[in-house]
Amino acid sequence: MPEDNSLQPSPAQVAAAAEGAATHRGEPHAAGLGSRLNWLRAGVLGANDGIVSVAGLVVGVAGATLARAPIVTAGLAGLVAGAVSMALGEYVSVSSQRDTELAQLATEERELRQAPDTELAELAAIYQSV
C-alpha cells in the first residue's frame, strides 16, 4: 500500500514547530502566559518559603541568646541550607519529569512502529473528544 504523504508536515513546518513558532497562520505553539505565570508562582512561593524559614531560625536563636555572632551564623547557615535544598529539590524534580517524558516518548515511538493504524485512530479519538 503506497504511503500518503499529503498529510505529512513540510520540512518548514517541522522546523517552525521545533522552534515554538506558528506552523500555519493563526496557530502559534509557543509557550504562553500560563507557562510564564507558573514560573512566577514557583518563584514567589520559593522566595516566601526561604524568607519565612530563615526568619524563623533567626528569631529562634535570638530568643535563646542576645549575642550577635550566633544569630548571624544561624541566619547564614539557614540561608545556605535553604538555597542548597531548593536547588537540589528542583534538580531532582526536573530530572524526574524529564525521565518520565522520555519514557513516554519511547513508548509512543514503539507503539507507532508496531501499530501505526491503532495510533492514528487513538490520535483521531483524542482530537474528536475535545
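Me: In what order do the elements of the chain run from the N terminus on?

Reply: Happy to start there: elements are DSSP runs numbered from the N terminus, with helices (H or I) of at least four residues and strands (E) of at least two. Here the order is α-α-α-α, and the chain comes to four helices and zero strands. Keep in mind that this is a predicted model, where local features need pLDDT of at least 70, side-chain atom pairs count only at pLDDT 80 or more, and totals for chains, interfaces and linings use all residues. Residues are numbered from 1 along each chain as its sequence is written, and side-chain values use heavy atoms, with hydrogens and water left out.

Me: How much of the chain is made up of buried residues?

Reply: Buried means under 20% relative accessible area, exposed means over 50%, and partly exposed lies in between (1.4 Å probe, protein chains only). In this chain of 130 residues, 8% are buried. The chain exposes about 10,700 Å², and carbon and sulfur atoms supply 65% of that area.

Me: Which residues make the nonpolar surface patch of about 450 Å²?

Reply: Patch residues have over 30% relative accessible area and no salt bridge; nonpolar side chains (Val, Leu, Ile, Met, Phe, Trp, Tyr) are joined within 5 Å, like charges within 9 Å. The areas come from the Shrake-Rupley method with a 1.4 Å probe. Here Leu-120, Leu-123, Ile-126 and Tyr-127 make the patch. Leu-120 sits in helix H4, residues 116-129, and counts as exposed because its relative accessibility is 56%.

Me: How many salt bridges does a search of the whole structure find?

Reply: Side chains of opposite charge can pair when their charged atoms come close. The cut-off is a side-chain nitrogen of Lys or Arg within 4 Å of a carboxyl oxygen of Asp or Glu. The search finds one, between the side chains of Arg-98 and Asp-99 at 3.5 Å, N to O. Arg-98 is partly exposed at 43% relative accessible area, and Asp-99 is partly exposed at 45%.

Me: Which helix gives the most to the lining of the second largest pocket?

Reply: On a 1 Å grid over the protein atoms alone, a pocket is an open set of points with protein on both sides within 12 Å along at least five of seven lines, and lining residues have an atom within 4 Å of a point. This pocket has a volume of about 280 Å³. H3 gives the most, with seven residues, while H2 (33-64) and H3 (68-114) each supply at least two. Among the lining residues are Trp-39, Arg-41, Met-86 and Glu-90.

Key: 1 Å grid on protein atoms, 1.4 Å probe; cavity = no way out; pocket = protein on both sides within 12 Å on 5 of 7 lines; lining within 4 Å. Points joined across faces, edges and corners; volume = space filled by probe spheres on them.
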